[in-house]
Amino acid sequence: MSGPGGVGKGTVVARLLELEPGLRLSRSWTTRPQRPGEPDGAYVFADRAEFERRIADGGFLEWTPYPGTGHLYGTPTLDDESDGARDRAPIVLEIELDGAQQVKAVHPDAVLILIVAPSPEARAVRLRKRGDDEQSVARRMEVGAREERLGRQLADHVVVNDDVDRAAQEVAGILRGHQTGG
Ligand code: 5GP
């Protein structure tokens, strides 16, 4: 699942996991500092040297510097946390588009769902609420507009987050359709 910052992707994903307990969420690595109040488990917070060591070890399915900030983000290789039956659980990645394209190249059956905000204003409000400073809000609005345009070209499905529950239900329906070969 991809989408510009501030569209409420994280909330939709959290609701999706409640609706579909059989899904597993991948935990990304990042070199971005932890935000105030952000849970420790939101990411594996790593310094740049650790991150680069993992790249060298081939430990990422995909990784990329985030356009606005240059912080690195990456999805650990998927067999990393293997534990029997859970291995076969469909995995949800919440990542930006460059990474999504890398995943598609390796796993052509991956489904790319773009989450978009009902309006740019709604997105700006969410970015500010998170405590990002005005400069980074402005930067993310710009990066996000580009990401939405590209995303609409690349995505298999576009879901508008006008209501978290409704959007999560729509995503769940899309995934069920793919699992039954639809
Ligand atoms: P944030 O810093 O707001 O948590 O995330 C910034 C962006 O990085 C978001 O678009 C988020 O989806 C993306 N992101 C998070 N984890 C990963 C990852 O593992 N790989 C890639 N490519 N992007 C990620």
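In what order do the four strands of the open sheet lie? The order is β3-β2-β5-β4, and the pairing is mixed; two strands are taken to pair if DSSP finds at least two bridges between them. Helices (H or I, at least four residues) and strands (E, at least two) are DSSP runs, numbered from the N terminus. The model is predicted, so that local features need pLDDT of at least 70 and side-chain atom pairs count only at pLDDT 80 or more, while totals for chains, interfaces and linings use all residues. Residues are numbered from 1 along each chain as its sequence is written, and side-chain values use heavy atoms, with hydrogens and water left out.

Five bridges connect β4 with β5 (residues 72-76) in the antiparallel sense. Within this pairing, Phe60 has Pro76 of β5 as its bridge partner.

A parallel pairing is found between β7 and β8 (residues 157-160), which are joined by four bridges. Ile113 has His157 of β8 as its bridge partner. Strand β7 (residues 113-116) is covered on both faces: Ile113 and Ile115 on one side, and Leu114 and Val116 on the other, are all buried (under 20% relative accessible area; exposed means over 50%, and partly exposed lies in between, with a 1.4 Å probe and protein chains only). By contrast, Pro21, in the loop between α1 (9-19) and β1 (24-25), is exposed, with a relative accessible area of 63%.

Helix packing was examined next. Two packed helices are described by the angle between their axes and the distance between the axes. Axes are lines fitted to C-alpha atoms, for helices over the stretch in contact, and angles run from 0 to 180 degrees between N-to-C directions. Helices α1 and α6 (residues 164-179) pack at about 60 degrees, with their axes 8 Å apart. Helix α1 is therefore oblique to α6; angles under 35 degrees count as roughly parallel, over 145 as roughly antiparallel, 65 to 115 as roughly perpendicular and the rest as oblique. The contact (heavy atoms within 4.5 Å) includes Leu16 and Leu19 of α1 and Val171 and Leu175 of α6.

The axes of α4 (residues 120-129) and α5 (residues 134-154) come within 10 Å and cross at roughly 140 degrees; these helices are therefore also oblique to each other. Residues of this contact include Leu127 of α4 and Met141 of α5.
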